[in-house]
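Keep the sequence and the 3D view open while reading.

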Amino acid sequence: MRRPLPKLPSWLPVDGYILALVGTVALAALLPARGPAATVAEGTSTGAVALLFFLYGARLSTHEAMAGLRHWRLHLTVLACTFVLFPVLGLAARGLVPHVLPPALYTGLLFLCLVPSTIQSSIAFTSLARGNVAAAICAGSFSSLVGIVVTPLLAGLVLHGNGGGFSADGLLSIVCQLLVPFTAGQLLRRWIGGFLLRHKKVLGQVDRGSILLVVYTAFSAGLVEGIWHQVSGPRLLCLLGVEAVLLAVMLTATSYGAKRLGFPRADRIAITFAGSKKSLAAGMPMASVLFGAQAGLAVLPLMLFHQMQLMVCAVLAKRFAARGPAAAEPAGTGTGTGSAAAAGSAAGAAVSGARG
């Protein structure tokens, strides 16, 4: 009889997937891929990125996302936070270079500010906080759809001269590795959506394994290229401090900004969680395409921010839930009670180990 894999205790304030990522980084440090092995790892990683975005496209319900257009003010607010306010704060942090952050870590911080919002964990925290789950589903879907195009475009604009940005080869890689598989997934969703739903647990492990492979390849390349001498313990502590301030500013801006804009309580909760978080699952493969050998340092701020946002938002969601009763979802935002119920049932698992 097969025994279930052991799980981390619920009181442990660290996402188990983050521990897996840290273990992958340690493996890359001890046994980096070199020579022919590096070529194989890079090719496999490229295929894994394409597979990831194919699955993203096949899972993302454009019908469900488009149904939320009637609540356009909420979605525009989340998109403005994700792709306008976050990048502005990232550009403002340029003044911290080089005294607080070295250029390489600042590039990663700026890239973090360009990544789309999460879907799974935004839904989970909104459900836990008794907010508008349907709105969180639509907001996360919109952010993912827009981010497929906008994140690389913004990277080309603001990362020029910071170790990222566009070149002809980079643009071709983005199209081939991100846009083409995503579009193919969307086109085939009608025929394979049921299969993906029936095997979502297995495919979830494929997602996670693919991202771990991308991390291993990126950090191995960084070690071989000798870029890790740019990072020291005090600089990492500075990075954590900067990210804590960034998260606090975004949580404050989304919460009080939504209140000033007149959104009801349930919508404010959805805006707070969807507008203040960033997607590790989307950011990892994008970084591998945009940065190449520099991707290891580029995704380090995103990895740290991901864990920080999970811990902080879990506490906030419980406080939101304690302050008031469950609110009815406003008309025009619903994507179907089935979607909301499914999101609510998955909330507990996602809070303890959200991978978005």
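The sections below go from the overall fold to single residues.

## Basis of the model

This is a predicted model: local features need pLDDT of at least 70, side-chain atom pairs count only at pLDDT 80 or more, and totals for chains, interfaces and linings use all residues. Residues are numbered from 1 along each chain as its sequence is written, and side-chain values use heavy atoms, with hydrogens and water left out.

## Overall fold

The protein chain has 14 helices and 0 strands. Both are DSSP runs, numbered from the N terminus: helices are H or I with at least four residues, strands are E with at least two. Of the 356 residues, 49% count as buried. Buried means under 20% relative accessible area, exposed means over 50%, and partly exposed lies in between (1.4 Å probe, protein chains only).

Contact means heavy atoms within 4.5 Å. Take the contacts between residues at least 6 apart in sequence: 87% of them join residues at least 24 apart.

## Nonpolar cores

A nonpolar core is a set of buried Ala, Val, Leu, Ile, Met, Phe, Trp, Tyr and Cys residues joined through side-chain atoms within 4.5 Å. The largest one has 75 residues. Within it, Leu21, Phe53 and Ile211 touch the most other members. Helix α13 (residues 295–323) supplies the largest share, 14 residues.

Leucine 21 touches Ile211, Leu212, Val215, Leu280, Met284 and Met303, leaving aside residues up to four places away in sequence. A second, separate core has 13 residues, among them Ile137, Ala139, Phe263 and Ala274.

## Two helix pairs

Helix α12 (residues 280–291) packs with α13 at an angle of about 170°, and their axes are 9 Å apart. Axes are lines fitted to C-alpha atoms, for helices over the stretch in contact, and angles run from 0 to 180 degrees between N-to-C directions. The two helices are therefore roughly antiparallel, a label for angles over 145 degrees. On the α12 side, the contact residues include Leu280, Met284 and Phe291; on the α13 side, they include Ala295, Leu302 and Met303. The contact divides into 9 nonpolar, 3 polar and no charged residues. Here Ala, Val, Leu, Ile, Met, Phe, Trp, Tyr, Cys and Pro count as nonpolar, Asp, Glu, Lys and Arg as charged, and the others, Gly among them, as polar.

Helix α4 (residues 72–92) and helix α7 (residues 133–158) cross at roughly 35°, and their axes come within 9 Å. Among the residues that meet are Leu74, Phe83 and Leu91 in α4, with Ala139, Phe142 and Leu154 in α7. This contact has 14 nonpolar, 5 polar and no charged residues.

Tryptophan 191 sits in helix α8 (residues 168–198). At 62% relative accessibility, tryptophan 191 counts as exposed. Phenylalanine 219, in helix α9 (residues 200–225), is buried, with a relative accessible area of 4%. The C-alpha atoms of phenylalanine 219 and alanine 29 are separated by 7.5 Å, and the two residues are 190 residues apart along the chain.

Two backbone details remain. Most residues other than glycine have a negative phi, and most peptide bonds are trans. Valine 97 and proline 98 are joined by a cis peptide bond, with omega about 0°. Proline 98 lies in the loop between α4 and α5 (103–112). Arginine 130 has a positive phi of about 65° although it is not a glycine. Arginine 130 is in the loop between α6 (120–128) and α7, and is partly exposed at 39% relative accessible area.

Notes: Angles under 35 degrees count as roughly parallel, over 145 as roughly antiparallel, 65 to 115 as roughly perpendicular and the rest as oblique.
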